[in-house]
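Here is a set of questions and answers on one protein model. Look over the sequence and the coordinates before reading on.

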Amino acid sequence: MLVEYFPVLLFLVVATGIGIALLVLGNLLGPKKPAAEKLAPYECGFEAFEDARMKFDVRYYLIAILFIIFDLEIAFVIPWAIVFDELGAFGLAEMGMFVGLLVLGFVYVWKKGALEWE
């Protein structure tokens, strides 16, 4: 039974070997002429004025999470549109209810002020 897993093991060994070989070759054969300009931090053409670990406002994360939620919910519309003819009136009613709940959630988030960026 373990003989059946030999191709998988061989694949993992070869892939790991290729990955390590490419890293080593890039390190050995790559250019090594560091200059002050190349080693300097670059941020929009001028020196960094704050630490990279600065704190973000919670609203930034809230907007990102809301975008992901609404984006994923809209992704459910695509399979429905593909099989729309097969679902008939029942499918139309179900999708209408889904989109209605989506709009209701959007209005709720809007009224709560979660989409306001100040």
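Q: What pattern does the protein chain follow, read along the sequence?
A: This is a predicted model. The protein chain has five helices and zero strands. Read along the sequence, the pattern is α-α-α-α-α.

Q: What percentage of the residues of the protein chain count as buried?
A: Buried means under 20% relative accessible area. The protein chain has 118 residues. The share that counts as buried is 7%.

Q: Which residues make the nonpolar surface patch of about 680 Å²?
A: One of its members, Val 14, is found in helix 1, residues 6-29. Val 14 has a relative accessible area of 44%, so this residue is partly exposed. The patch is made by Phe 6, Leu 9, Leu 10, Val 13, Val 14, Ile 18 and Leu 22.

Q: Which residues form the largest nonpolar core?
A: In soluble globular proteins, nonpolar side chains tend to be buried together. Here the largest such core has five residues. They are Leu 66, Phe 70, Leu 102, Val 109 and Ala 114.

Q: Which helices each supply at least two residues of this core?
A: Helix 5 spans residues 84-112. The other helix spans 58-75. The two are helix 5 and helix 3.

Q: Leaving aside neighbours within four places in sequence, which residues is Ala 114 in contact with?
A: Ala 114 belongs to the largest nonpolar core, together with Leu 66 and Val 109. Both residues are also in contact with Ala 114.

Q: Why is the pair of Trp 80 and Phe 84 edge-to-face?
A: The count of aromatic pairs comes to three. In the pair of Trp 80 and Phe 84, the ring centres are 5.2 Å apart. Planes over 60 degrees apart count as edge-to-face. The pair is edge-to-face because its planes are at 75°.

Q: What is the angle between the planes of Phe 106 and Trp 110?
A: Phe 106 and Trp 110 both lie in helix 5, four residues apart, about one turn of the helix. Their centre to centre distance is 5.8 Å. This aromatic pair is tilted, with an angle of 55°.

Key:
Residues are numbered from 1 along each chain as its sequence is written. This is a predicted model: local features need pLDDT of at least 70, side-chain atom pairs count only at pLDDT 80 or more; totals for chains, interfaces and linings use all residues. Side-chain values use heavy atoms; hydrogens and water are left out. Patches are made of residues with over 30% relative accessible area and no salt bridge: like charges are joined within 9 Å, nonpolar side chains (Val, Leu, Ile, Met, Phe, Trp, Tyr) within 5 Å. Accessible areas come from the Shrake-Rupley method with a 1.4 Å probe; for residues, only the protein chains shown count as cover. A salt bridge is a side-chain nitrogen of Lys or Arg within 4 Å of a carboxyl oxygen of Asp or Glu. Buried means under 20% relative accessible area, exposed over 50%, partly exposed in between (1.4 Å probe, protein chains only). Rings of Phe, Tyr and Trp (its six-membered ring) pair if their centres lie within 6.5 Å; planes under 30 degrees apart count as stacked, over 60 as edge-to-face and the rest as tilted. A nonpolar core is a set of buried Ala, Val, Leu, Ile, Met, Phe, Trp, Tyr and Cys residues joined through side-chain atoms within 4.5 Å. Contact means heavy atoms within 4.5 Å.
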